[in-house]
Protein chains: 2
Amino acid sequence: MEIDREELLRGVANALTSNPGAPTGEIAAAANVSRATLHRVLGGREELVEATYGWMLEQCGRVFDRAGIDHEPVLEAFDRLIEDSYPLAQSLWLLIATPELERVPELLARLEAQDQRLERFFVRGQEEGLFRRDLPPRWLTYSLGSQVMSAWYMVDDGYAGARDVPRLVRAAVLEGVLADAAGSAAETPGSAGAPRPKES
Amino acid sequence: MEIDREELLRGVANALTSNPGAPTGEIAAAANVSRATLHRVLGGREELVEATYGWMLEQCGRVFDRAGIDHEPVLEAFDRLIEDSYPLAQSLWLLIATPELERVPELLARLEAQDQRLERFFVRGQEEGLFRRDLPPRWLTYSLGSQVMSAWYMVDDGYAGARDVPRLVRAAVLEGVLADAAGSAAETPGSAGAPRPKES
DNA sequence: CGATAGTGAGACAGAAATGTCGCAGATGCT
DNA sequence: AGCATCTGCGACATTTCTGTCTCACTATCG
C-alpha cells in the first residue's frame, strides 16, 4: 500500500514534537513506517525535520486562511483561529526545540512572513480599538502563540481536555487572569449584530 | 584557575537553551571550558543535562522565595516574580526541548512540586478575589509560564529589551490584550515607575 | 622554590546514529 | 497470470558523538 505523505508527515510531526531529538528509527516507528521508507520519502534527518516544519507552516497558513485573519472581522477571526490552534502550537513547539530551523533561509523567510501576517492581524485589531495599543503588536503575537502552545501542553499533561483549549486560551489571552475584568468579554459571533466599537 | 560551578552551569544552561541538541564539545566551548573539564565537573551528557535542569529548578525556587509567593500579598509577589522571570523561562525552555527530563523521577518530583507551589499561589489569588475563578489555577500557571518564556524569546529575537519583559508580561497576563480593560490595572508599587535597568 | 591541584589539548576506542543498498513480499493494474 | 511499484527487513560502511586517558602547563600554597 502506498504511503500517504500527509499522514506520514502528521506522524513524524507528532513524533518530533514529543521528542525532538529522537533518532530516525524511533521517528519512523512512531509514524508506522520503516526507516527506509521514511528516508525515501522525506530524505535524511535534516531534510526530514525541515520538511516537517515546512508542512507545519503550511498548516498554520491554512488555519489563518480559514479563520480569515486578513480581512474578516477581527474578533470572529480570532475565535476561529483559536478553535483550530493545534498546528500553531505544534510549529512553535518544534521551532523552540530546533533552533537550527531558523538557519534555513527558506524556512526563516516563511516563518517571518507568518509572524508578520499574524502581527498585521493584531494591528488591525488595534486600529479597530479592539486590542490595546499600549503593547507592541509583536508581543501580542508572542503572547497568543505561547499560550496556545501551553494550552496544548496542558492537554498533553492530562490537566485539560482538547475541547477546553479554545475557551482557556480565549479567556486568558483576551481578558487576562485578573478577576475584575468586569464583563469585558467581547460578544462572540453567535449573537445578533453586536455593534463593533469604533475608536473615537 | 578553578572552575566556578555556578558560572559553569550558567554557561551550560545558555548553551543548552540556545541549542538543546548541541554536542558536548559545543556546550563546553560555549561555557569556556574544555570538554574534559565539563565532563569532570558535570558528568556525561545525560547527567549534564539533568544537573543543569536541576540547577534551573533551584534558581526558580529561589526566585519564588524572594518573591514571597507563598505568604506575601499576591499582587506584590506577582510583580516581584515577573521582575526576575528569566530562570523560569529558561527552565521551561529546556523542559520543552528535552522531554526525557520528565522521565527522571527526582526531577519530575521537583518539577511537580514547583508547579504546585505556583498553583497554590494562584489559588491564593483566587481566594482573595484578585484572580478570576472561572479558570483552573493550573491553567493560570501555564499561562504565566508560557508568556514569560515567549517574552524572553522575543528579547532574544531582538524585538524587545530585557527591561521591557516585566511590563509586557504583567500587562498581557493580568489584563489580556483587549483594549477596554478599563484601567483595571491593579495599583502596585512600581507599576507606573520607570523601567528598572537590567544587565544584558 | 618545590609540591599540589586543576585545567586544556590531543588522541583513541567504543557506541550510537545515519545514509545506503539488495532482496523478499505485498499490492494493484493490465 | 504477469508485471510494475512500493514497502519492510536486514545488513553494512561511514560519520558523529561520547567516554576516557595521558601529558604538559599554570596557578596557588606551603
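1. Among contacts in chain A between residues at least 6 apart in sequence, 63% join residues at least 24 apart. The model is a predicted one, and the points below should be read with that in mind.

2. Secondary structure. Chain A has nine helices and zero strands. Read from the N terminus, its elements run α-α-α-α-α-α-α-α-α.

3. Burial and surface. Chain A has 200 residues, of which 55% count as buried.

4. Salt bridges in general. Side chains of opposite charge can pair when their charged atoms come close. The count over all chains comes to 24 salt bridges.

5. A:Arg117 and A:Asp70. The side chains of these two residues meet in a salt bridge, at 2.8 Å from N to O. The pair links distant parts of the chain, 47 residues apart: A:Arg117 sits in helix α7 (residues 105–127) of chain A, and A:Asp70 in the loop between α4 (45–67) and α5 (74–83) of chain A. A:Arg117 counts as buried because its relative accessibility is 13%, under the 20% cut-off. A:Asp70, with a relative accessible area of 30%, is partly exposed.

6. A:Arg170 and A:Asp79. Here the closest N and O atoms of the salt bridge are 2.6 Å apart. This pair also links distant parts of the chain, with A:Arg170 in helix α9 (residues 165–175) of chain A and A:Asp79 in helix α5 of chain A, 91 residues apart. Both A:Arg170 and A:Asp79 are buried.

7. A:Arg132 and B:Glu175. These residues form a salt bridge whose closest N and O atoms are 2.9 Å apart. A:Arg132 lies in the loop between α7 and α8 (137–157) of chain A, while B:Glu175 lies in helix α9 (residues 165–175) of chain B, so the pair joins two chains. A:Arg132 counts as buried at 9% relative accessibility, and B:Glu175 counts as buried at 10%.

8. A network in chain A. A:Glu112, A:Asp115, A:Glu119 and A:Arg138 are linked by salt bridges into a network.

9. Surface charge. Which residues form the negative surface patch? The patch consists of A:Glu26, B:Glu46, B:Glu47 and B:Glu100. One of these, B:Glu47, lies in helix α4 (residues 45–67) of chain B.

Note on methods:
Residues numbered from 1 in each chain as written. Chains lettered and ligands numbered in written order. Predicted model: local features only at pLDDT ≥ 70, side-chain atom pairs only at ≥ 80, totals over all residues. Heavy atoms only, no water. Patch = residues over 30% accessible without salt bridge, like charges linked within 9 Å, V, L, I, M, F, W, Y side chains within 5 Å. Areas by Shrake-Rupley, 256 points an atom, 1.4 Å probe, with all protein chains shown as cover. Salt bridge = Lys/Arg side-chain N within 4 Å of Asp/Glu carboxyl O. Lys, Arg positive; Asp, Glu negative; His and termini not counted. Charge placed at Lys NZ, Arg CZ, Asp CG, Glu CD. Helix = DSSP H or I, 4+ residues; strand = E, 2+ residues; numbered from the N terminus. Buried < 20%, exposed > 50% of the residue type's maximum accessible area, 1.4 Å probe, protein only. Contact = heavy atoms within 4.5 Å.
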